[in-house]
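Hi there,

Here is the structure I promised to pass on to you. Have a look at it first, and then read my notes below.

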Amino acid sequence: IGVLTIFVSKRINPMAWKKLLNRAEFEELAAQEKKVEDSLSQLDDSYFIFSNFSFELFHIDHLVISENGFFVLGRVPFTEDLNVKNNTLFAGDNSLETLTARVWRVCHLVNIIINKGFDGLDIMPVPVLVVPDAYKVAMKEFNGIAITTVSDLNNLLNKKLKFKINKEHAEGFAVYLKQRYM
């Protein structure tokens, strides 16, 4: 029971474990998270922003809902340059496979819930990896995942996608998330 409790609590709140076990890494990650939140706070009121919450046992760094699209944001915790080895994204020598897989899983889960709850509406969220501003990103995309820096994040979120999402659908899903998961 103890192992299961630790596993679930680590999945639900990974930052708490960093705070207990590695204070310096926690403070660096918290500073990066604050920069992303500050950038997102500059968006207008038509954007619904959900940060650091659990969605069906998946921890979500940030979910942005707007008429421009739904965006699942994952923060890259490393400052090394991004590169691809054997079709896997790395930051320096650190594999980002777990992060990219989690971001895609959350996108698919959100799509399934939207499809079930909104009479077959098919909206696939855009997965986005946000890297620290410490370096310029040479890659803008990896396997369908957009890659951006914190300073360019709002430009990416303001771009019009190929399809426009109905305002009522965006607001309805935001209200659903707030009532069910907040």
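**What I found**

Let's start with one residue: Ser39 is part of helix 3. Please keep in mind that this is a predicted model, where local features need pLDDT of at least 70 and side-chain atom pairs count only at pLDDT 80 or more, while totals for chains, interfaces and linings use all residues. Residues are numbered from 1 along each chain as its sequence is written, and side-chain values use heavy atoms, with hydrogens and water left out.

Ser39 has a relative accessible area of 9%, so Ser39 counts as buried (under 20% relative accessible area; exposed is over 50% and partly exposed lies in between, with a 1.4 Å probe and protein chains only). Leaving aside residues up to four places away in sequence, Ser39 touches Val150, Leu153 and Asn154 (contact means heavy atoms within 4.5 Å).

Helices (H or I, at least four residues) and strands (E, at least two) are DSSP runs, numbered from the N terminus. Which residues of helix 3 are buried? They are Phe26, Leu29, Gln32, Glu33, Val36, Ser39 and Leu40. Seen down the axis of helix 3, these buried residues fall within an arc of 145°, so they line one face (the arc is that of the directions from the helix axis to the C-beta atoms). Turned away from that buried side are the exposed residues Ala24, Glu28 and Lys35.

There is also an open sheet of three strands, in the order 4-5-6, with antiparallel pairing (strands pair if DSSP finds at least two bridges between them).

Happy exploring!
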